[in-house]
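Please walk through the fold of one chain and then through the contact between two chains.

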There are 2 protein chains.
Amino acid sequence: MSDTPIKADWVALDWGTSNLRAWAMGADGSIRAEARSDAGMSGIAPGPEGFEPVLLGLAGDWLAEGRKTDVIACGMVGARQGWAEAGYRAVPAQPLDPGAITRAVAHDARLNVHILGGLSQTNPHDVMRGEETQIAGFLSRSPGFEGVVCLPGTHTKWAQIVGGEVFHFASFMTGELFALLAGKSILRHSLDLAHFERDAFVEAAEESLARPERIAAKLFTLRAEHLLQGADPAAASRLSGYLLGMEVAGAKPYWLGQPIALVAAGRHAERYGAIFDHLSVDYTTHDPDTCVLQGLSDARTHLLTPEGTA
Amino acid sequence: MSDTPIKADWVALDWGTSNLRAWAMGADGSIRAEARSDAGMSGIAPGPEGFEPVLLGLAGDWLAEGRKTDVIACGMVGARQGWAEAGYRAVPAQPLDPGAITRAVAHDARLNVHILGGLSQTNPHDVMRGEETQIAGFLSRSPGFEGVVCLPGTHTKWAQIVGGEVFHFASFMTGELFALLAGKSILRHSLDLAHFERDAFVEAAEESLARPERIAAKLFTLRAEHLLQGADPAAASRLSGYLLGMEVAGAKPYWLGQPIALVAAGRHAERYGAIFDHLSVDYTTHDPDTCVLQGLSDARTHLLTPEGTA
């Protein structure tokens, strides 16, 4: 049996700016196979000519001959520069709207590609693509949740959930700031990114929570310490703590007095969790893969069901 | 007479990380010629083998034959990776110490190279190289000044002056953050760096002064606005305002209730001045070139004078 090639009943895709993840799914929601690549949206020419070959290269073997396989995708693949533009819906809005799923052109007869749209906000201006599907999946698994969902990433999202809808949200460039400072700034000589010290991280976060306006001075202190005292193995943990502490300070209107659902794994779950523990706030942690697959799976269920009878 | 080549009585150098500026000086402090290049410290191999040819290429024509010409330098040229290491002096300290000038090896018999050292601080750790010479020149021209000196740049310095000494100082990575965000982040697509709107800048600075912890969210708003509404010609002014506003908020312990000497020209003088005007704080503006040349000139005077009799 081990030679039997894996075929998918449907394919789930989370296609972001810098990464593509694909799952071969069974009709019952089971995962038959998983694949990932760094072929993110930013490196691909818009339209099916650019995106379809990348998908076939990664997941083509999962497609059965002689029938169409549904592909349900979320993320930047639905941006203007993506495979097909899947518009934004303005908040307040349900995170998943079966009526707002965009059919994308594909040349391969085995493909039936659907892309979920993102959410937008006017005051202040903000956008998300991909996180709305994680939120939909989280809410599907935690019905009745009211509070704030925190989704760490390059542009971390904080979303306030009221009555099953995303009522308001805010994006923070924390992840991108960390990457720029760690990779391109004068601090790059002073950081051991493979090393993490929780205590140093929490202490730095605490300083930033108390005095967020000092961040640009705190950053230079990391460099000056290195020059005057030699490398501090905890410098990268402190940089991370300064930035995340500033974000959590800025997001206080979201989490104050609210339960937090932290949709994060690994490094992000550990770090945001450490700050929430320190602040003694009420939070639960939820796996992002589980959430996005639930959201994509729910979207497929809606597509299979005549609208209004689901 | 126009064919007479310019010769220098001495040469003043401000040699930073990314730029080199040189002046052919007369003995009376007059400027006979000026040259600049982008041959900053960071691109040159340490020691005289790397630095001396760069100096001769830029200013060699100013050197008379048959005698030694003093070259007085400040900035990163005195770092460990510079021409010769000129140590840091710990604050509180006078910005210029005639006893702490480092003689650098030069192979050309016409050169007599002296490098001024920087200042360091332990709590919190901080360093400066070059700005101490601007401060020395400023104080030489404004004797008795007590207050804070603000020196904008890649790593802006705020220095508290008490009794002619630098008592305490703080560096802010504001300039480097702006360059990284404008050049390397997702915001780079949304900014017209050639365009400046003072009102939008001041309004953004005001928002940051009031809510510095929101900076990472404000940054993403610039991107989201562009996606949803099209490019805002004032986006770069607002980015600058958010970052400078956060810095001025963080530097409040320095300037609150103190006179500010702003050592800045051009863009920096305009922007910091706009924020100080908005805050109705007491400040004067001083030309950085004039200050650094005064500091270098004072250092040369000390070198020519037997120690203790100056």
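**Sheet and interface**

In chain A, six strands make up an open sheet of mixed pairing, ordered β3-β2-β1-β4-β7-β6, where strands are DSSP runs (E, at least two residues) numbered from the N terminus and two strands pair if DSSP finds at least two bridges between them. Its edges are β3 (31-37) and β6 (101-104) of chain A, each of which pairs on one side only, and neighbouring strands are turned by 20° against each other on average, direction ignored; axes are lines fitted to C-alpha atoms, for helices over the stretch in contact, with angles from 0 to 180 degrees between N-to-C directions.

This is a predicted model, in which local features need pLDDT of at least 70 and side-chain atom pairs pLDDT 80 or more, while totals for chains, interfaces and linings use all residues. Residues are numbered from 1 along each chain as written, chains are lettered from A and ligands numbered from 1 in written order, and side-chain values use heavy atoms, without hydrogens and water.

Within the sheet, β4 (residues 69-74) and β7 (residues 111-116) of chain A pair in the parallel sense over five bridges, with A:T69 opposite A:L111 in β7(A).

Turning to the interface, 41 residues from chain A and 41 residues from chain B take part in the contact (heavy atoms within 4.5 Å). The area buried between chain A and chain B is about 3600 Å², 73% of it from carbon and sulfur atoms (accessible area, 1.4 Å probe, that two parts lose on being put together, summed over both). A:H125, A:M173 and A:F220 supply 19% of the area that chain A buries against chain B, more than any other three residues.

Terms used. Helix = DSSP H or I, 4+ residues; strand = E, 2+ residues; numbered from the N terminus.
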